[in-house]
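Please read it alongside the sequence and the coordinates.

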Amino acid sequence: MRSTGTTLSAVALLALTACGGTTTTTTETDADAPGAMQSPTSEASTGTSTPAAEEVVVDSCGAGDPGQVTADLTVTNTSDSPKSYVITVSVNGPGGARVAEATAAADSVPAGQSVQVQAQGAAAEPPAELTCEVADASRF
């Protein structure tokens, strides 16, 4: 029987993909997994440290094509089974003011593996200096 949290997470993944969030998997590598058991239900980060947010690292952040911001991310699945992720990145300008939000998804990341994905978002005129941080991450 599927939990409501897993079903809602799958719907959120589909909605984000339909709204322009994209997933680009470029590399898969072995990761040093701590071996901790993880719950099969959705886990989200909302300003507090959770396993899902701890498994996402921002590798780079910047403006892409005109009106677009991107964040290159590494997602490492430290659980003992395949997991999918939906990630929201806060893109901030000088002084920390949020100028955009970027989204990404990583589908079926094998246990103990890492993948690279790119979060993308829209910003009318992003400043030259940007910083990115994981604002939310769900895994299911």
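In this predicted model, R98 and E101 form a salt bridge in which the closest N and O atoms are 3.0 Å apart. The total count of salt bridges is two, and the structure also holds one disulfide. The points below take these links in turn and then turn to the chain as a whole.

**Salt bridges**

- R98 is partly exposed, because its relative accessibility of 45% falls between the 20% and 50% limits.
- R139 is buried, its relative accessible area being 0%.
- E55 is also buried, at a relative accessible area of 5%.

**Disulfide**

- C61 and C132 are joined by a disulfide, with an S to S distance of 2.0 Å.
- The two cysteines come from distant parts of the chain: C61 is in strand β3 (residues 56–63) and C132 is in strand β8 (residues 131–139), 71 residues apart.
- The disulfide is right-handed, because the torsion about the S-S bond of C61 and C132 is about 60 degrees.
- C61 has a relative accessibility of 26% and so counts as partly exposed.
- C132 has a relative accessibility of 15%, which is under the 20% limit, so C132 counts as buried.

**Secondary structure**

- The chain has two helices and eight strands.
- Along the sequence, these elements follow the pattern α-β-β-α-β-β-β-β-β-β.

**Contacts, burial and surface**

- Of the contacts between residues at least 6 apart in sequence, 71% join residues at least 24 apart.
- The chain has 140 residues, and buried residues make up 40% of them.
- The accessible surface of the chain is about 7200 Å², and carbon and sulfur atoms account for 54% of that area.

Key. Residues are numbered from 1 along each chain as its sequence is written. This is a predicted model: local features need pLDDT of at least 70, side-chain atom pairs count only at pLDDT 80 or more; totals for chains, interfaces and linings use all residues. Side-chain values use heavy atoms; hydrogens and water are left out. A disulfide is a pair of cysteine sulfur atoms within 2.5 Å. Helices (H or I, at least four residues) and strands (E, at least two) are DSSP runs, numbered from the N terminus. Buried means under 20% relative accessible area, exposed over 50%, partly exposed in between (1.4 Å probe, protein chains only). Contact means heavy atoms within 4.5 Å. Accessible areas come from the Shrake-Rupley method with a 1.4 Å probe; for residues, only the protein chains shown count as cover. A salt bridge is a side-chain nitrogen of Lys or Arg within 4 Å of a carboxyl oxygen of Asp or Glu.
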